Amino acid sequence: MQQPIGIVAAMRVEMEAILEAAEQVASQEYTSMTFYEGTLSGVPFVAAQCSPGKVNSALCAQVMADFYHPRMILNIGVAGGIGKDVKIGDVVIATACVQYDFDGTAGGNLRLGELEMPPDDRKMREFPCDPEISGKLADAAEQLYGHAHRGMIATGDRFVADPAFGKWLNETFGALACEMEGASTAHACYLNKIPCAVLRTISDNGNDNATVDFPAFARESAHKAQQLLANVIGTL
Ligand code: ADE
């Protein structure tokens, strides 16, 4: 049997949308998270809801790596749109992700968002996403929805509901969207040498309206991501 595609989703609605479309699902618990194995459009997958945040998503990706040996990990979910022309309902596929709240600058030799990484403390700020997988996701999004944004995604342990902060993330890191799991999933994948991709549907614009728009659009956005996944998974 082919190695599964790993799917890390932060929220229950995102996980539910996948499970509704899945076949032959079995589950197993690790690290207090439920890992669902099954097939989606005939393709084996393992998926888990990790709950929001960088640590939760990195732990989830690590459990997948250790116990399921996925051939790739996709982080899917919603995000705040902070790039010019990135609107609610749009799809953003990361070229790379940055942990904007990792701040070692006071130590003198790191830029904001830059980490020292095992095994040799090499400096890294942009956690890469696999260009081939991301390209296929973008092509599928273009076919299905007529558009796809590709670019940097900014990840941090903060729900952004402040237009000035969103603007700062866009200007400082060139980010098109902000969320709370992409870079940490990509970080775990990088260390485990597993290709990854981050696919986000915009649920709000990270501004004063974000806390109102987010719950209203989260379900719709989760279904959009699931529909896209079902379309593309056979080609990954
Ligand atoms: N996920 C969806 N919207 C978000 C926002 N505004 N900030 C952080 N994560 C999000």
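**Ground rules**

I am working with a predicted model, where local features need pLDDT of at least 70 and side-chain atom pairs count only at pLDDT 80 or more, while totals for chains, interfaces and linings use all residues. Residues are numbered from 1 along each chain as its sequence is written, and side-chain values use heavy atoms, with hydrogens and water left out.

**Entry 1: the ligand**

Strands here are DSSP runs of E, at least two residues long, and helices are runs of H or I, at least four long; both are numbered from the N terminus.

Next I checked polar contacts. These are pairs of N or O atoms within 3.5 Å; within protein, one must be able to donate a hydrogen and the other to accept it, and residues adjacent in sequence count only if both atoms are side-chain atoms. A polar backbone atom of Gly80 is 3.3 Å from a nitrogen atom of the ligand. For a polar backbone atom of Val160, I read 2.8 Å to a ligand nitrogen. Asp204 uses a polar side-chain atom, 2.6 Å from a nitrogen atom of the ligand.

How much of the ligand does the protein cover? On its own, the ligand has 260 Å² of accessible area, and the protein covers 96% of that. The areas come from the Shrake-Rupley method with a 1.4 Å probe; for residues, only the protein chains shown count as cover.

**Entry 2: Thr39**

I found Thr39 in strand S3 (residues 33-40). Is Thr39 buried or exposed? Thr39 counts as buried because its relative accessible area is 12%. The cut-offs are under 20% for buried and over 50% for exposed, with partly exposed in between (1.4 Å probe, protein chains only).

The side chains of Thr39 and Glu23 make a polar contact of 2.6 Å. I also looked for contacts, meaning heavy atoms within 4.5 Å. Beyond its neighbours within four places in sequence, Thr39 touches Ala22, Glu23, Gln24, Pro44 and Phe45.

**Entry 3: Asp208**

Asp208 is in the loop between S12 and helix H6 (210-232). Asp208 is exposed, with a relative accessible area of 62%. Leaving aside neighbours within four places in sequence, I found Asp208 in contact with Ala161 and Pro163.
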